[in-house]
Amino acid sequence: MITIIDYGMGNLRSVQKAFEKYCSNVIVSSSAKDILNADKIILPGVGAFKVAMDELKKRGLIGTIKTSIEKGKPFLGICLGLQLLFSESEEGGKIKGLDIIKGRVKRFKEKDGLKIPHMGWNRISAKRKAQSAKILNRVADNSYMYFVHSYYVAPKDKSVILCETDYGGDFTSGVCKDNIYGVQFHPEKSQGTGLKIVENFVNL
């Protein structure tokens, strides 16, 4: 069973539909029991970092998420779901995140006519150490993915970087650490190439 965590942030149905192409048992739930019973977990989301953390706290899901990750279950954070894995975000001040991956969430700097948010199709470039990561199986290097975000993650440990994307300079667009995966782009909106990532996660 795959559980997509519902904490009131974003269009969960599009994520669910993408994963249902490859798994017959995908549920959307805010129940700690459903999360703990899942074989794999997805934390999607769009919106503000602080609001998202407040919602996770209100629903009592922070401990549940950490426990599930500690048990070694494959975990995928998408967009805001990736950012929440980090120690803190500068969005709205200095807001504490889940602190599962050390590092900060930073805002793109307005320079050289760079449009913020970063929106639309852009390439992902696999890091040399991460090219064998199973989640990128059959995904060609420099494939296009769909992005919508104004903030990006900056991990302290560069070895967790799965892929990077150039937008006024390289930024981390994906991470991989043990059983934890996170992507800044939306695989569910990235057509066939993005769906390969969905399929790869299902098959982990």
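1. The largest pocket is lined by V46, G47, C79, L80, Q83, E91, V148, H149, S150, Y151, H186 and K189. Here a pocket is an open set of points on a 1 Å grid over the protein atoms alone, where a 1.4 Å probe fits, with protein on both sides within 12 Å along at least five of seven lines; lining residues have an atom within 4 Å of a point. Two elements, α5 (80–83) and β9 (143–149), each give two or more residues to this lining. Helices (H or I, at least four residues) and strands (E, at least two) are DSSP runs, numbered from the N terminus.

2. This is a predicted model, in which local features need pLDDT of at least 70 and side-chain atom pairs count only at pLDDT 80 or more, while totals for chains, interfaces and linings use all residues. Residues are numbered from 1 along each chain as its sequence is written, and side-chain values use heavy atoms, with hydrogens and water left out.

3. The space in the largest pocket is about 160 Å³, a volume being the space filled by probe spheres set on the grid points, which are joined across faces, edges and corners.

4. Strand β12 (residues 170–177) pairs in the antiparallel sense with β11 (residues 161–166) over 5 bridges; two strands pair if DSSP finds at least two bridges between them. I161 has V175 in β12 as its bridge partner. The hairpin of β11 and β12 has 3 residues between the strands, and G168 in its turn has a positive phi of about 70°.

5. β12 also pairs in the antiparallel sense with β13 (residues 180–183), over 4 bridges, and C176 stands opposite Y181 in β13. In this second hairpin 2 residues lie between the strands, and D178 in the turn has a positive phi of about 55°.

6. β4 and β13 pair in the parallel sense over 4 bridges, with G77 and G182 as bridge partners. β3 (residues 40–43) runs parallel to β4 and is joined to it by 3 bridges; I41 stands opposite F75.
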